[in-house]
Amino acid sequence: MPAKIFISACLLGRPVRYDGKGKPLHHPAIVRWQAEGRLVGFCPEQAGGLPTPRPPAEIENGMSGADVLAGRARVLEVTGGDVTAKFIDGGEKALAFAKAQGCRFALLIDGSPSCGSGFIYDGSFAGRRHVGNGVTAALMQSAGIEVYSDREIDALVTRIETVWRT
Ligand code: SF4
């Protein structure tokens, strides 16, 4: 059985994003890993019970996923709905899925209040970014899964080639 990599389902082009679209990542490694059966796609927000399409959501007050998990911040929709519990539930299901698949690495799309690992938006819905991670990324990192953003795929390729060679 080839070692598996957890990947945000939208990066595989699956139409799971809040706007009902995917955001496929075009890279030779994606093609190769898919052919090798290594990629396991998952959408935490759908797993948490949110519909598609859905209102965009951000973590409030410039906080991040770790703050949500610690009960210090909520995840709010642009319409005002509190979706904190669904984001945590979806993140926990994503982590359980990654563990069940034996994933040591996760490739997550950046900027998402679930999957972001380098930056997220600050809760103002004004397009303002800050350094931080989403709820799922925070859960995975605290569980010891190595998280790479879509912008870091070349670093993941290098890392994986080192690990899988040994
Ligand atoms: Fe993509 Fe993650 Fe958002 Fe699902 S939760 S649409 S996988 S970024």
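Author: Helices (H or I, at least four residues) and strands (E, at least two) are DSSP runs, numbered from the N terminus. This is a predicted model, in which local features need pLDDT of at least 70 and side-chain atom pairs count only at pLDDT 80 or more, while totals for chains, interfaces and linings use all residues. Residues are numbered from 1 along each chain as its sequence is written, and side-chain values use heavy atoms, with hydrogens and water left out.

Let us start with Asn61, found in the loop between β3 and α3 (65-69). Its phi is near 55°, which is positive although Asn61 is not a glycine. As a rule, most residues other than glycine have a negative phi, and most peptide bonds are trans. Asn61 counts as exposed because its relative accessible area is 64%, where exposed means over 50%, buried under 20% and partly exposed in between (1.4 Å probe, protein chains only).

Pro53 lies in the loop between α2 (44-47) and β3 (57-59).

Phe119, part of strand β6 (residues 119-121), is 58 residues from Asn61 in sequence, and their C-alpha atoms are 14 Å apart. Phe119 is buried, given its relative accessible area of 12%.

Two further loop residues are buried. His27 is in the loop between β1 (5-8) and α1 (28-35), and its relative accessibility of 19% makes it buried. A polar atom of the His27 side chain lies 2.9 Å from the backbone nitrogen of Ala29; as a polar contact, this is a pair of N or O atoms within 3.5 Å, where within protein one must be able to donate a hydrogen and the other to accept it, and residues adjacent in sequence count only if both atoms are side-chain atoms. Gly132 occupies the loop between β7 and α5 (135-142) and is buried at 13% relative accessibility. Gly132 and Ala94 are 38 residues apart in sequence, with 19 Å between their C-alpha atoms.

A search of the whole structure finds 0 of them, a disulfide being a pair of cysteine sulfur atoms within 2.5 Å. Cys103, for instance, is in no disulfide, and the nearest cysteine sulfur, that of Cys115, is 13 Å away. Cys103 is buried, with 8% relative accessible area, and Cys43 is buried as well, at 15%.
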